[in-house]
Amino acid sequence: MDFQELRDLMVTTQLIPRGIKDERLLRVMRKVPRHLFVDEYVQDKAYDDMALPIGDGQTISQPYMVAVMTELLELTGDEKVLEIGTGSGYQTAILAELSKEVFTIERFANLSDRAKEKLTALDYDNIRFMVGDGTKGWPEEAPFHRILVTAGAPDIPETLAAQLTEGGIIVIPVGDFLSQRLVKGRKHKEKLSEEYHTPCVFVPLVGEYGWKDTRR
Ligand code: SAH
């Protein structure tokens, strides 16, 4: 299978027609080998327009959703980024390509370990991994210029907003258990101004400042 051709097609049929414009992002979406982040039995679907299972009931987000969230972060290459929900590590790779350093938290150790193995094999050296409850953020490393949450939350955890720099941006799916909207918050003078973006469906953000349980 020609994965480069599939990646190019993904960009020209799924991302550009839906309005993704950031040239640096499009270049990186053409480059990062998404098929290496999914299980072998679904590798031929890695560049399809959908989310895919990655084990433990979790999913790798649809390519378009990865692109939308990343574009909303307005990365220039200088940022310190916090990611909650490492999952497969695919979104982590995209962030690592477009920013200075990425701190990524995952609640399942086996997912974090697998992602770390893959990202190390791909020579990413600007990523730090933590296993734990990402709703608490990473206080020792705060503040962050950008925070990306890739699981659905009941609202924006104040713990995370507190770990943003002045002018910093958080992107997070907010809503109920079954559907959410992407919210972009920008911090000014200790307050977040919020913009609502595309509807989406993410697995729940489970933790002290998220959902308490995996069921409603
Ligand atoms: N960005 C990932 C998406 C993974 S799905 C990818 O592209 O593969 C969301 C992930 O968030 C899951 O792996 C889930 O285990 C994780 N998660 C949920 N609640 C969490 C929490 N409180 N802290 C850290 N990770 C969490």
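**A ligand and its cavity**

Visitor: Where does the ligand sit?
Guide: This is a predicted model, where local features need pLDDT of at least 70, side-chain atom pairs count only at pLDDT 80 or more, and totals for chains, interfaces and linings use all residues. Residues are numbered from 1 along each chain as its sequence is written, and side-chain values use heavy atoms, with hydrogens and water left out. A cavity is a set of points, on a 1 Å grid over the protein atoms alone, where a 1.4 Å probe fits but cannot get out, and a molecule sits in one if more than half of its atoms lie within 2 Å of its grid points. By that test, the ligand sits in the largest cavity.

Visitor: How much space lies in the largest cavity?
Guide: A volume here is the space filled by probe spheres set on the points, which are joined across faces, edges and corners. For the largest cavity this comes to about 390 Å³.

Visitor: Which residue has a side-chain N or O atom 2.6 Å from an oxygen atom of the ligand?
Guide: Polar contacts are pairs of N or O atoms within 3.5 Å. Backbone atoms of Gly85 and Arg107 each lie by a nitrogen atom of the ligand, at 3.3 Å and 3.2 Å. The side chain that lies 2.6 Å from a ligand oxygen belongs to Glu106.

Visitor: How much of the ligand's accessible area does the protein cover?
Guide: Accessible areas come from the Shrake-Rupley method with a 1.4 Å probe. On its own, the ligand has 580 Å² of such area. The protein covers 99%.

Notes:
Polar contact = N/O pair within 3.5 Å; in protein donor to acceptor, adjacent residues only side chain to side chain. 1 Å grid on protein atoms, 1.4 Å probe; cavity = no way out; pocket = protein on both sides within 12 Å on 5 of 7 lines; lining within 4 Å.
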